[in-house]
Amino acid sequence: MGELNLPKRLNKALWFFDGTLNWKGCCEVIKYSSPYFSKGLGLLTLSALLSSLANTDCQTILFFFALYLVAVAQGGHRPCVQAFGADQFDEDDRDKSSFFNWWFCCTSGAVVVSLFILSYIQDNLSWVLGFGIPCIVMVLALVVFLLGTKTYRFSVTGSEENPFVRIGRVFITAAKNCRTTSISNEIEAGGFLLYQASEQFKFLNKALLLPPDCVEEYGKVCRTSEVEEAKQVLRLVPIWATSLLNAVVASQIYTFFTKQGVTLDRKISPSFEVPPAMLQCITFVAVVIFTPIYDRIIVPLAKVITKKPAGITMLQRIGIGMILSTLSIFIAALVEKKRLKTARDHGLIDFPNVTLPMSIWWMIPQYFLFGVADVFTLVGLQEFFYSQVPNEMRSVGLSLYLSILGVGSLLSSFLVSSIDNITSGNDGHSWFSDNLNKAHLDYYYLLLSVLGGIGLAAYVYFAKSYVYSRGK
């Protein structure tokens, strides 16, 4: 299982790395990554076909190669497709915010369809067909994308220089001028007008001066726009860091929630049991249901109340989502406490494989609330990181958003490992015992609630002092 998770973790790591290579143009990256995406899915289909004929080492190598190819291709494809879609709107077009809402809604709906239809096909018909359908769909998607090439809008940049080079030069030049004094007077004398955004990170203003040990020559002094770009990126760091704890909380949906579901009564009819993993669909269904409500009802009402173009700011939206996520994990702790009490009351503590007389529907509220929280948090983070980076780095901005999910997942694994070592007793049981009836996931969820509250407090502190580069 750990081996199968490696491509997924590689994919998360590559979201930011590939995003840094995308400054040349999202459209080009989509054109180059989509064929490799399709090839990876095609190789997965071939490996499934070979497995049905004979399970050989060659088939195993092909399978893992295909997984890694898909991971690498998706690392460039995913952030660029969304950034390129948002680029089709004008800068002051309020529909751009709705684009992020409906993008997330549609992708969540696609996940629901995939979990229901493809899971059924793979389990009951054929793994070859189960992998082949996504491959065909990806090829058709690429064809449709290429057919619309002449209708797309492309960003026109004033410089072909890599934005990372420009921003790096600002930090290097500012470091060389670190001993320079009376920086404000010298800058204002040079015609640089300080404004609110420039009041932050004043040490970077020193990049506007010629280093004392350099002769005046082209490229040694940074432009005002370059300094402001560096400040734009630096202002994102506290928001990125304080969002990580929320990602740790959200990652529980795909791990312990599923393990809990295995122990509960999953029958909805005498002949049908709900697979535990299918409960994840509730989160995505919640997104599909709540997104139209948010976009068409809540936002217009908020506009009337706050008089703001978007109803609420992006940072306010993210904060509301963090509150809901923390509330959801607290509800999960209460449900787990009831599950443990049910096991004790019925004498099933030492029988982990026996289904508890407690309906799996008890877990629906926490799943659904997480979905509602995602509409606020994840969509808010997407729009925030897209809009608050320099224009040429918008795919990188979305990669930063995606990296929050990846790093949060890694931090969750580290936290679980540490707690498991600390809480392991002489009897071999810890908070995460294989026998969940003797474990204490309720304590873990309560701990995450506290950490989520701490993360929220830190987020609010930095969000209050954040200065938007454009839009709110």
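View 1. Helix α11, residues 280-306, gives the largest share of the patch, five residues. Helices (H or I, at least four residues) and strands (E, at least two) are DSSP runs, numbered from the N terminus. L301 lies in helix α11. L301 counts as exposed because its relative accessibility is 53%. The cut-offs are: buried under 20% relative accessible area, exposed over 50%, partly exposed in between (1.4 Å probe, protein chains only).

Residues are numbered from 1 along each chain as its sequence is written, and side-chain values use heavy atoms, with hydrogens and water left out. The model is predicted, so local features need pLDDT of at least 70 and side-chain atom pairs count only at pLDDT 80 or more, while totals for chains, interfaces and linings use all residues.

**View 2. K307 has a positive phi.** K307 sits in the loop between α11 and α12. Its phi is about 65°, although K307 is not a glycine. Most residues other than glycine have a negative phi, and most peptide bonds are trans. K307 counts as exposed because its relative accessibility is 68%.

**View 3. D295 and R296 meet in a salt bridge.** Side chains of opposite charge can pair when their charged atoms come close. A salt bridge here is a side-chain nitrogen of Lys or Arg within 4 Å of a carboxyl oxygen of Asp or Glu. The structure holds nine of them. Between D295 and R296, the N to O distance is 3.4 Å. D295 is buried, with a relative accessible area of 6%. R296 is exposed, at 57% relative accessibility.

**View 4. Helix α12 holds the pair E336 and R339.** The two residues form a salt bridge, with the closest N and O atoms 2.8 Å apart. E336 and R339 are separated by about one helical turn because they are three residues apart in the helix. E336 is buried, at 0% relative accessible area. R339 is buried too, at 1%.

**View 5. K341 and D345 also pair within helix α12.** Their closest N and O atoms are 2.9 Å apart in this salt bridge. The two residues are four apart along the helix, about one turn. K341 counts as partly exposed, at 45% relative accessibility.

**View 6. The structure holds one cavity of 30 Å³ or more.** Rolling a probe the size of a water molecule over the atoms shows where empty space is left. On a 1 Å grid over the protein atoms alone, a cavity is a set of points where a 1.4 Å probe fits but cannot get out; lining residues have an atom within 4 Å of a point. Grid points are joined across faces, edges and corners, and a volume is the space filled by probe spheres set on the points. The largest cavity holds about 40 Å³ of space. Its lining is made by L245, N246, V249, M322, S325, T326, G452, G455 and L456. Helices α9 (244-250), α12 (314-345) and α15 (441-464) each give two or more residues to this lining. Four lining residues are nonpolar, five are polar and none is charged. For this count, Ala, Val, Leu, Ile, Met, Phe, Trp, Tyr, Cys and Pro are nonpolar, Asp, Glu, Lys and Arg are charged, and the others, Gly among them, are polar.

**View 7. Helix α8 includes V227 and W240.** This helix covers residues 224-242. V227 is buried, at 0% relative accessibility. V227 and R169 are 58 residues apart in sequence, and their C-alpha atoms are 9.3 Å apart in space. W240 is partly exposed, at 23%. W240 and F385 are 145 residues apart in sequence and 9.1 Å apart in space, C-alpha to C-alpha.

**View 8. L142 lies in helix α5.** That helix covers residues 127-147. L142 counts as buried, at 15% relative accessibility. Its C-alpha atom is 7.8 Å from that of P35, 107 residues away along the chain.

Note on methods. 1 Å grid on protein atoms, 1.4 Å probe; cavity = no way out; pocket = protein on both sides within 12 Å on 5 of 7 lines; lining within 4 Å.
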